[in-house]
Amino acid sequence: MARRAWHDVAEAFALPLLALGGALLLFGAFVWFGGHNPLEVWQLLFVGAFGDAFSWQNTLQRAAPLMLTALCVALPARAGLVIIGGEGALVLGGLACAVVPYFVALPAGLAGTSVLLLAAALAGALWIALAGALRQFRGVNETISSLLLGYTAIALFKHWVEGPLRDPASLNKPSTLPLDEALRIGTLGSYDVHWGLAWGVALCLLAALWLSYTTNGFATRIVGGNARAARLVGLPANRLIITACAIGGASAGLAGGIEVAAVHTSANASLIAGLGYAGILVSFVARHNPLAIIPVAILFGGFGAAGSLLQRRMGLPDASVQVLLGFAFVLILASEALRGRLLPFSLMPQRAPIPTAKPA
Amino acid sequence: MRQDLSRRRALAQISAASLATMTPWAWAQAPLSVGFIYVGPKDDFGYNQAHAEAAAEVKKMAGIKVVEEENVPETQAVQKSMQGMISQDGAKLLFPTSFGYFDPHMLAVAAKNTGVRFSHCGGMWTKGKHPDNTGSFFGYIDEAQYLNGVIAGHMSKSKKLGFVAAKPIPQVLRNINAYTLGARSVDPSITCSVIFTGDWSMAVKEAEATNGLADQGADVFTMHVDGPKVVVETAAKRGKMVCGYHASQAKLAPAAYLTGAEWNWITAYKQIIDAARSGKPHPNFVRGGLKDGFVKTSAYGSMVSEAARKNADAVKAKMVAGTFDIFAGELKDNTGKVVIPKGKAFKQTDIELEGMNYLVEGVVGKI
């Protein structure tokens, strides 16, 4: 019996869910050894992450920036590059967003905010494109260079924020001048979630459409699959790879800009909170699939929100949720080994017999 | 009218106090939920531990329910943690303890929860600018750093001190200056070299800075970073002496630990909690030093000489009596410019000190 399309789909959902279930079971055993009631812990995890309207808003709010920073890993990955310097693009995006008003008077409202976000995206795009260009034209390993460029970006950020651009009124928390009230990003209606969530979901969807349904996206995937083969068929590999890096960087830069315009109101060291690094995990768990990034980021946000409640109710240390995350990732990544083997054997594709070469 | 009110309030307090002593379960009927939020781990031997230790004292108070959260970054996460404490745990009083929580995070949540009291650690609350249900508390820990300096001045053989600092912001500069002034009150030839690491928690850079300063000959160290553990341990390993900061690090290096500048947050917490329980207006602006019990010094290490102890105790007695000014003219900065003219002395409460932007003479370093 041949393997059908629905088998792949069923597996795509069943594998991560089983892995997650396994992680929860392991975590239950873990807290049980620590002298806590696992049932209570499971219940709190659920209540904290998805239990009521507040929990959902908490979860989604935490997920929003992760969707964007995960794209900064996923898109270059689809073009064949392992970029892990999203944090650098994020802080530079935040800086760019805060700096524009120093130089130009912006119109209030949507138009002004758009300029800010555009500047943020541009800064991030340039930074990650630089890592891509170094790889393509100078042969510098992009994983290392993007990571180190991240540190450089943070150093530049601190230099500018705590030096030339510092708001003299920000004494003990050095910051840039706060953004004008009219330029800030608000919340989604009456919900306590800002517009960054809409941006995150929209960009993930757009990225998925781009990769799956455009010639350019298809070419990018070909390059990611085998750059030499792509060159042989005449694809402009350098341009495609650097474009993918730039789009990824733009997403992370946008995340930084949104953090500044919606949350911090000015650029300061609080922006460097590891959102860019968390995006790496999200992207790898989502197997660099932009559509999968959305639920994985929400799951991540949920872990954060649940961890918050777990600390308050049970006095568990913050690290306990990290343990759960660890279980979840190891199992989700390990579950890949079961792909194609999960369904009953009768449903498995029959391998065509390997033709044996006959001597001529 | 005002007298009348205060008398009534006093009466209420007295009756409440007597009620409390007579019937200890009186408070227990409606426990006050208090939330504490820390930016780092509760056991960092530093800033967060100082708060967590005081929060542990609060837990022992009758009629108080404490909820805590550690490692909360200064992002949306802290806003959600505060809101969660309010809507999920029914907290009526919150202590967001990290400096960066104030603006915009605490202010944003406070605006949505006007019935909840917020007390931020740091000196940022300004009357008229910030809402009345918010406030800030802080301590003049430079007094304890000055005493660290006095001890260091006596104990140093190389006459070179080391200071590992996070950022050149007013609060940190004030500590560096106080430490240096304390040491130079013992011997004016002493210098104090400072290295800024750039952020509050940079373990590797802190170790490098400590080693670098030790190589330059510094033999007594202190610091202003969130977790002094690395500096204390590195200095001890190099055979140097240390003065602690935030909490006591004596346990980490008993043979090297001279004394330390510690917070004593329970004093501030009690004031603010008592006001919340008795329904008094929220104390918005709470400050204090050694005299008020907001800061304290670690017990002297066994190696601290008799002369050093006597000198430090004498200065401490003057500070407690309120007759000692750390920052008094004529004071020059380390470029030779006069920053406080002759005859002028700043009290600890003077707001000018909170915008400090210089390093005093004797500090080797640049802002």
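Which residue of strand 10 of chain B does B:Y245 stand opposite? In this predicted model, the residue opposite B:Y245 is B:A261. The legends below begin with the strands around this pair and then turn to other parts of the structure.

**Figure 1. Strand 10 of chain B and its pairing partners.** Strand 10 of chain B spans residues 257-263 and is mostly covered, with seven of its seven residues buried. Strand 9 of chain B, residues 241-246, pairs with strand 10 of chain B in the parallel sense, and five bridges link the two. Within strand 10 of chain B, B:A261 faces B:Y245. Strand 12 of chain B, residues 295-297, also pairs with strand 10 of chain B, here in the antiparallel sense and over three bridges. In that pairing, B:V295 in strand 12 of chain B is the bridge partner of B:W263. Strands of a sheet pair through backbone hydrogen bonds, and the pairing may be parallel or antiparallel.

**Figure 2. Helix 9 of chain B and the elements packed against it.** Helix 9 of chain B, residues 229-237, is mostly covered: seven of its nine residues are buried. The buried residues are B:K229, B:V230, B:V231, B:V232, B:T234, B:A235 and B:A236. They pack against strand 6 (160-165), helix 8 (203-215), strand 8 (220-224) and strand 9 of chain B. Just after helix 9 of chain B, a positive phi of about 75° is found at B:G239.

**Figure 3. The open six-stranded sheet of chain B.** In chain B, six strands form an open sheet with parallel pairing, in the order 2-1-3-4-5-11. Strand 2 (64-69) and strand 11 (285-288) of chain B are the edge strands, each pairing on one side only. From one strand to the next, the twist averages 15°. Strand 1 of chain B, residues 32-37, runs parallel to strand 2 of chain B and is joined to it by six bridges. Here B:G35 stands opposite B:V67 in strand 2 of chain B. Helix 3 of chain B, residues 47-60, packs on the sheet and touches both strand 1 and strand 2 of chain B. The direction of helix 3 of chain B makes about 155° with that of strand 2 of chain B.

Figure 4. B:L353 lies in the loop between strand 14 (338-340) and strand 15 (363-364) of chain B. Is B:L353 buried or exposed? B:L353 has 20 other C-beta atoms within 10 Å, and it is therefore buried. Leaving aside residues up to four places away in sequence, B:L353 touches B:R174, B:F327 and B:F346. B:D142 is 211 residues from B:L353 in sequence, while their C-alpha atoms are 11 Å apart in space.

**Figure 5. The two domains of chain B.** Chain B is divided into domain 1, made of residues 26-140 + 265-288, and domain 2, made of residues 142-260 + 309-364. The centres of domain 1 and domain 2 of chain B, taken over C-alpha atoms, are separated by 29 Å. Eleven residues of domain 1 of chain B are in contact with 14 residues of domain 2 of chain B. On the side of domain 1 of chain B that touches domain 2 of chain B, helix 3 of chain B gives the most, with four residues. By class, that side has four nonpolar, four polar and three charged residues.

**Figure 6. The contact between chain A and chain B.** Contacts between the chains involve 24 residues of chain A and 29 residues of chain B. Helix 3 (53-78), helix 6 (142-162), helix 10 (237-264) and helix 12 (290-314) of chain A each supply at least two residues of the side of chain A that touches chain B. Which helix of chain A gives the most to that side? Helix 12 of chain A does, with six residues. The side of chain A that touches chain B comprises nine nonpolar, nine polar and six charged residues.

**Figure 7. Chain B as the setting for the close-up views.** Chain B contains eleven helices and 15 strands. Its radius of gyration is 21 Å, close to the 21 Å that the globule rule gives for 367 residues, so chain B is as compact as a globular protein of that length. Along the principal axes, the C-alpha atoms of chain B fill a box of roughly 60 × 45 × 40 Å. Of the 367 residues in chain B, 52% are buried. Among contacts in chain B between residues at least 6 apart in sequence, 66% join residues at least 24 apart.

Notes: Residues are numbered from 1 along each chain as its sequence is written. Chains are lettered from A and ligands numbered from 1 in the order in which they are written. This is a predicted model: local features need pLDDT of at least 70, side-chain atom pairs count only at pLDDT 80 or more; totals for chains, interfaces and linings use all residues. Two residues are in contact if their C-beta atoms, placed from the backbone, lie within 7 Å. Ala, Val, Leu, Ile, Met, Phe, Trp, Tyr, Cys and Pro count as nonpolar, Asp, Glu, Lys and Arg as charged, and the others, Gly among them, as polar. The radius of gyration is taken over C-alpha atoms; the globule rule is 2.2 Å times the number of residues to the power 0.38. A residue is buried if 20 or more other C-beta atoms lie within 10 Å of its own, exposed if 12 or fewer, and partly exposed in between; C-beta atoms are placed from the backbone. Two strands pair if DSSP finds at least two bridges between them. Axes are lines fitted to C-alpha atoms, for helices over the stretch in contact, and angles run from 0 to 180 degrees between N-to-C directions. Domain bounds come from an automatic or database domain assignment.
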